[in-house]
Amino acid sequence: MPTDSTGKAKLWPLEMTVQEVRLCGLLLQEHFGEVVEKVGTELLRSGALNLRALAHQTGIQLDLVKKSLCVLAQHSMCVFGPGRRGPGGPVEYTVNSERILYMLRYPRYIYTAKSLYGDTGELVIEEILQRGQMTMSSTVKTVADRLTHSMEDGQSMEYSEVIAAFTRLVETHFLQRCPLMDNAGAAGRKSSAVSESPAPAAAPPVQPENFPDCYKIPQIHLTGRGKRRRSSEDGDADERGTKKAKVDSAAVCGDEGIYWQVNFERFHLHFRHQAIISAVASKLDQTSSEIVRTMLRLSEVTTPANATYTQALSANEIFRALPASYNIGRPILDQYLTLLVDDPMEFVSKTGDSGGGMYVVNLHRALANLARATLESVVQERFGSRSARIFRLLLRKRHLEQKQVEDFAMIPAKEAKDMLYTLLSENLVQLQEIPKTPDYAPSRTFYLYTVNQLPTARLLLQNCYKAVGNLIERRLFETKENKRHLEKSQRIEAILASLQASGADAAQLTEVEEMITPPERQQLEALRHHINKLDSSENQVDETIFLLESYISSTSSSR
């Protein structure tokens with residue numbers, strides 16, 4: 001929970017728009033079900049509520065409300081602390097809407113872990129995202145078992161390999177420890193989170209500077225290999241035995257009470273850097289982007305998430321850190337650095353002359369340029385190239401009269417007027433009145449068109465929230481409409497997997513496959529294609545959301 005200047009816990013501010021509340025509700029429903037969605041949506045709309053008030057307003061049984069709060073607290077989406085009556089009153093709960101919206105980005109987090117650390121890193125991040133918080137030993141065992149199950153017979157995954165991948169994720173700050181609460185272990189954390197009695201304030205968000213052990217790897221006593229899941233008639237007994245074995249072995253691993261969570265800010269830092277590198281590559285060339293990549297890599301751990309600039313680096317440091325495969329000599333590096341500094345986009349700035357020159361990456365300026373390019377692209381796609389020309393002109397010239405817009409854009413007066421009024425009606429362009437006299441007489445008033453980039457970015461962000469909500473609703477509708485076909489397909493796939501595991505012949509497999517008729521198979525293929533398109537659209541819109549959110553956050557922190 002955030003803290004104020006006195007160190008007391010305070011609740012998350014209620015600055016939620018209708019589209020944000022709707023999107024949060026859809027994400028909660030998709031991941032956790034309708035009960036958790038009702039509890040979360042009520043907290044988003046009403047703000048801080050105690051347990052009794054929350055149960056009364058949602059009409060849900062008290063026991064289910066407690067379980068829903070446990071789920072939200074486990075995923076760091078719900079925080080609690082002293083209520084309006086002070087420490088002696090009932091505990092009040094509130095939700096972190098920003099954390100809920102991160103669920104939209106889960107596929108991107110998992111894909112990034114896979115691209116950086118392979119299948120093992122992918123499964124580590126996936127498991128922790130699914131469960132919210134996990135101990136290192138539990139994560140290692142689960143991931144090793146999953147990898148072993150996907151291997152051929154006779155092969156298995158060593159625990160040590162998963163531990164190495166987990167350690168690399170922690171060393172690069174993609175994983176971090178959960179903060180310990182006062183007088184609360186793992187079990188106490190959950191029980192206090194749903195009690196009606198007074199409780200201490202929740203811990204502030206994890207930050208390395210106020211939690212020194214945030215990235216400290218515990219010494220765990222874990223050796224062996226992953227176990228393959230059995231598919232036999234006594235599966236229930238095996239499952240109970242496995243659960244008992246896990247409980248028995250959990251006490252000897254050495255990391256009891258040390259839980260780990262995904263460091264979303266570190267992932268966002270990586271996404272932001274990748275966007276900047278791609279922009280430099282498209283604007284200049286690949287060599288320039290590799291130089292910027294090296295600068296960002298050198299400063300990624302030391303630069304705060306909300307910093308306007310990276311840490312200053314000398315040309316000598318950059319040269320030494322460049323991979324030898326690039327074959328960039330020192331004179332060529334100096335030329336590229338000069339080119340980057342002189343470029344109008346201002347991605348790189350020079351701050352001094354020591355060490356061959358001190359350089360920084362201007363993060364805020366880079367995000368502003370990326371947001372500007374996004375706005376221009378949206379205008380061009382919705383209103384055409386001529387409207388985009390007017391929009392770019394107003395961004396560059398700041399304030400122009402209608403006659404000046406016509407002349408500079410080289411567009412006929414009637415068309416320019418219609419385009420300006422269309423952009424004005426969509427709130428993409430603003431009209432500013434500057435009167436010559438106090439009476440605001442039209443004949444003695446200048447009417448200047450302008451584009452204010454920050455409010456326009458906020459407007460587009462809300463449109464993106466609405467678009468993602470529509471995509472999720474459509475996907476849920478399509479899935480519900482074809483529920484019978486999907487369930488039948490899943491049953492047949494399970495039967496086929498069981499037959500293949502038992503060594504059935506080809507005739508039996510063909511007979512089972514023919515249980516799905518050709519029209520049903522065609523309908524399932526069309527459904528899968530449609531769902532894949534919806535998923536792809538969600539990911540594309542989320543990239544725009546991330547850029548706009550990063551720009552808005554950077555603008556707020558730079559002021």
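At 19% relative accessibility, His173 counts as buried (buried is under 20% relative accessible area, exposed is over 50%, and partly exposed lies in between, with a 1.4 Å probe and protein chains only). The residue sits in the loop between helix H8 (159–171) and strand S5 (175–177); helices (H or I, at least four residues) and strands (E, at least two) are DSSP runs, numbered from the N terminus. His173 is not a glycine, yet its phi is positive, about 70 degrees. Most residues other than glycine have a negative phi, and most peptide bonds are trans.

Glu346 also has a positive phi without being a glycine, with a value near 60 degrees. Its place is in the loop between helix H14 (330–342) and strand S8 (348–352). With a relative accessibility of 36%, Glu346 counts as partly exposed.

## Basis of the model

The model is predicted: local features need pLDDT of at least 70 and side-chain atom pairs count only at pLDDT 80 or more, while totals for chains, interfaces and linings use all residues. Residues are numbered from 1 along each chain as its sequence is written, and side-chain values use heavy atoms, with hydrogens and water left out.

## Helix H1 and its cover

Helix H1 (residues 18–32) has 15 residues and reaches 21 Å from its first C-alpha to its last. That is close to the 21 Å expected at 1.5 Å a residue, where the expected span is 1.5 Å times one less than the number of residues in the helix. Just after H1, Gly33 takes a positive phi of about 105 degrees.

The buried residues of H1 include Glu20, Val21, Leu23 and Cys24, and Gly25, Leu26, Leu27 and Leu28 are buried as well. Among the elements that cover them are helix H2 (34–46), helix H4 (62–74), H5 and helix H19 (453–481).

## Nonpolar cores

A nonpolar core is a set of buried Ala, Val, Leu, Ile, Met, Phe, Trp, Tyr and Cys residues joined through side-chain atoms within 4.5 Å. The largest one has 102 residues, and those with the most contacts inside it are Leu69, Tyr109, Ile125, Leu175, Ile390 and Leu394. H6 gives the largest share of this core, ten residues. Apart from it lies another core, of 26 residues, among them Ala279, Ile318, Leu333 and Val361.

Ile390 touches Val405, Ala409, Ile411, Ala416, Met419, Leu420 and Leu423, not counting residues up to four places away in sequence; contact means heavy atoms within 4.5 Å.

## Arg105 and Arg131

Arg105 is found in the loop between helix H5 (97–101) and H6. At 3% relative accessibility, Arg105 counts as buried. Leaving aside its neighbours within four places in sequence, Arg105 is in contact with His268, Phe271, Asp542, Ile545, Phe546 and Glu549.

Arg131 belongs to helix H6 (residues 106–131) and is partly exposed, at 38% relative accessibility. Its contacts, leaving aside neighbours within four places in sequence, are Gln74, His75, Ser138 and Thr142. Arg131 and Gln74 are 57 residues apart along the chain, and their C-alpha atoms are separated by 7.5 Å.

## The three-stranded sheet

Strands S10, S12 and S11 form, in that order, an open sheet with antiparallel pairing; two strands pair if DSSP finds at least two bridges between them. Strand S10 (399–400) and strand S11 (430–435) stand at the edges with a single partner strand each, so one side of each is left without a neighbour in the sheet.

S11 is joined to strand S12 (residues 445–450) by six bridges, and the two run antiparallel. Leu431 has Tyr449 in S12 as its bridge partner, and Gln432 stands opposite Leu448 in S12. Two bridges join S10 to S12, again antiparallel, with His399 opposite Thr450 in S12. In a regular strand the side chains alternate between the two faces of the sheet.

## Cysteines

The structure holds zero disulfides, a disulfide being a pair of cysteine sulfur atoms within 2.5 Å. For Cys178, which is in no disulfide, the nearest cysteine sulfur is that of Cys214, 9.1 Å away. Cys178 is buried, with a relative accessible area of 8%. Cys464 is also buried, with a relative accessible area of 8%.
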